[in-house]
Amino acid sequence: TNGRRTSSGDLARTKILLLGQRRTGKTSILDVLFNDCGPKDTLYIERTTRVTKHTYDTVIPLEIWDCPGDITLEALEALDTPLSHFATIIFVMDIQDLYQPPITKLVSFVIAAYDQSPQTNLEVFVHKADALSEEYRIDNYRFLQQHILDELIDISSEYEQIQMNFALTSIHDHSLHDAFSRTLHKSIESLPYLEDLLNIFCYNSQSSKAFLFDLKSRLYVATDASPVDPPTHNLCSDYLLMLNSFGPLYSSHPASAPRSPFLSSTRPSALAPTINTADNTRQAPITKTLFYPSAGMTLTYQLITRKLALLAIIPSAVFEARRGLVEYNVVFFREGVQEICEVEDEARGGGG
Amino acid sequence: MKKKVVLMGASGSGKTSMRSLIFSNNPASLTARLGATIDVEQNHVRFLGDLILNLWDCGGQDTFMETYLAQQQSTIFQHVAVMIYVFEVESRNMSKDLAYYRGCLAALRKNSPEAAVFLLVHKIDLVRGDRAAVLERKTHELQQESADVEVTVFGTSIYDESLYKAWSRIVHTLIPNAAVLSKHLTVLAQACSATEVILFERTTFLVIATSTPPPASPTAITSPPTMSPSFSTPSSTHTSSNFTSTTYSRSIPHTSVQQDSDPHKLSPTRYERTSELIKAFKHACSRVREEFHSLEMELDDFTAVLDELTKNTYVLIVVHDPTIETAALRMNVRLARKKFEELQGDSLIS
Ligand SMILES: Nc1nc2c(ncn2[C@@H]2O[C@H](COP(=O)(O)OP(=O)(O)OP(=O)(O)O)[C@@H](O)[C@H]2O)c(=O)[nH]1
Ligand SMILES: Nc1nc2c(ncn2[C@@H]2O[C@H](COP(=O)(O)OP(=O)(O)O)[C@@H](O)[C@H]2O)c(=O)[nH]1
Ligand SMILES: [Mg+2]
């Protein structure tokens, strides 16, 4: 798709653009997802005055552009990257902003993006959902969706076919992680292969649900075919959050990589000045944990690559009886994921 | 055995919030909904089976404070084991707070001369800039106000682990057999080839006792059982209390020894961070109607098991020896269960 290989031979990053009025929460979203910022710490984020690019490496390398709230279409087009180079554009709206101007502005960006490249994923995050009670939340959410779609059709009936996705999000619960995960999936070309591997794993291990999580951001890059049940997703996400902090507490060498317990020993940060996706393909240490939430079920965690972990829910009885089989399935799964990552890496022009 | 703990401090200083966090497993975000406490809210918290904390959360509005110090003085201040006085770090009216504090301290001395006094400089998260310096200044100020009374000062916030550190230290003074528990944890640690074994109370996840470091360390026998010297940070060392100032002077020279002989250099805030993390995760579990039972981890450079030890406690075993498997650790926990049930029963009745 768009801009896979750059002329300079650098890694071709999937570009995501964040747009929205001032103080709708764009920078908070990035910091909470990718910079280990607690939701409460976002209060002190300074306002964004110019376009800022954040890079993040997970199963695919990302480049996320954070824009100041008052950026205009002209200013955006004056940058050397045309809108069509973005795989995804996320519009962040404050759920309490029901005024016309932000909607009009959003619509004009949507049209410009669509005219240039109809394949671009267009996402609207109706954000700060926690600020309203349930009833108002749904009302405002519907109102904003309806208005945006109406306005598009008013401009031209051709725009009726624009595909847009809406999501209610908040940094104070799991909705942001879930919405961003789903957005990310659309840019992962190898997603079907990852999903196949997860389906096979679930089938062979009698797992009712399995996620492949990005460790640091706690976004899931893929899951098996069974529907995502929010409590299960939330439990897995909270479990990762706990593990990410727990590891360094009792690790003998927390100083080298304070934030990620699983990376510290073999990859001192000094030796790896630029992190790249090659980390996904390098052998990860065998790391696993088990958690027994309710009597009959076990949540297993297995490190797959240095950045990805498999979280799976398996009936405790099955797990007790067939531990060896599950571990064997993990080995098979790990090999599959590594292979996919290698292919992905090569296609991106990363150092293999 | 019942121990009376009074929680004092100005209205809005955060007494009820911390109580609900520590004893009711509520998240910090919900505390904003708490109303002012009217008069005294008494709670009985069963702690470690036979120890019952009788918690008196005393509403801090002026009218209540006046009656505590006048008509109700003996009711409030008699038979107190611990008084915890909460000061907001950025108090709107510190001189008034201090006047009430002096009143309470005097009443306490008169009615319960043996009571221990803990002062919490609370909402420390609101300080932008150098927290340690602010805390040091506050500590000094509070010690001056306390004159010859021994006090222990902590900086706390409901938004981080500092609250668990302070409360772990407070309940520790109330547990009669803490040293015995610690001794047995050390035995368990040796049986497991563990670096460390930590005992938590079940509902609060406060640290009750820890194993002492391996005998290679010369400080193992003399240092206080639960708090290894590296545990002390500025907030706990600046006190005027005899008890803590002795541990202070004792632990300072040992700190370097300890760290040299400790090959693992674990994070000094690990105990309170563990309490906080597990508590938060337990809460996350309950939100999705799951329960927290046990954990097994084989991480990059250590293995750990967190499991129920007795009806009222959880134990965390941390092993850095890669040859030890979690199954062996779980087996040892199972074997130790009976001993600890007995231990808990025995010495708490006396
Ligand atoms: N920033 C911050 N706010 C806190 C902290 N602890 C409590 N609060 C807030 O302080 C407010 C008052 O807390 P309460 O626990 O009701 O105060 P109280 O001491 O019980 O007050 P009275 O019952 O009237 O004596 C609540 O809005 C809490 O959310 C803290 O550590 N940091
Ligand atoms: N209640 C609530 N506040 C949020 C949420 N996300 C961000 N905020 C707050 O919104 C404010 C503006 O956020 P910021 O990221 O600077 O907005 P930006 O200008 O779009 O980058 C900050 O004070 C955040 O704490 C959310 O999900 N819920
Ligand atoms: Mg109160």
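A:Arg23 is exposed, with a relative accessible area of 63%. This value comes from a predicted model. A:Arg23 sits in the loop between strand 1 (14-19) and helix 1 (26-34) of chain A. Its phi is positive, near 60°, although the residue is not glycine. Most residues other than glycine have a negative phi.

A:Arg218 also has a positive phi, near 60°. Its loop runs between strand 7 (209-214) and strand 8 (220-223) of chain A. Is A:Arg218 buried or exposed? A:Arg218 counts as buried because its relative accessibility is 12%, and buried means under 20%.

Next comes a glutamate in chain A. A:Glu335 belongs to helix 10 (residues 323-347). With 47% relative accessibility, A:Glu335 counts as partly exposed.

| Residue | Relative accessibility | Class |
|---|---|---|
| A:Arg23 | 63% | exposed |
| A:Glu335 | 47% | partly exposed |
| A:Arg218 | 12% | buried |

Now to chain B. Which residues coordinate the magnesium ion (ligand 3)? They are B:Thr16 and B:Thr37, each through OG1, at 1.9 Å. B:Thr16 lies in helix 1 (residues 15-24) of chain B, and B:Thr37 in the loop between helix 1 and strand 2 (40-47), so the pair ties together parts that are 21 residues apart in sequence. Both B:Thr16 and B:Thr37 are buried.

Note on methods. Residues are numbered from 1 along each chain as its sequence is written. Chains are lettered from A and ligands numbered from 1 in the order in which they are written. This is a predicted model: local features need pLDDT of at least 70, side-chain atom pairs count only at pLDDT 80 or more; totals for chains, interfaces and linings use all residues. Side-chain values use heavy atoms; hydrogens and water are left out. Helices (H or I, at least four residues) and strands (E, at least two) are DSSP runs, numbered from the N terminus. Buried means under 20% relative accessible area, exposed over 50%, partly exposed in between (1.4 Å probe, protein chains only). Donors are N, O and S atoms within 2.8 Å of the metal (3.2 Å for Na, K and Ca); water is not among the atoms, so sites may look incomplete.
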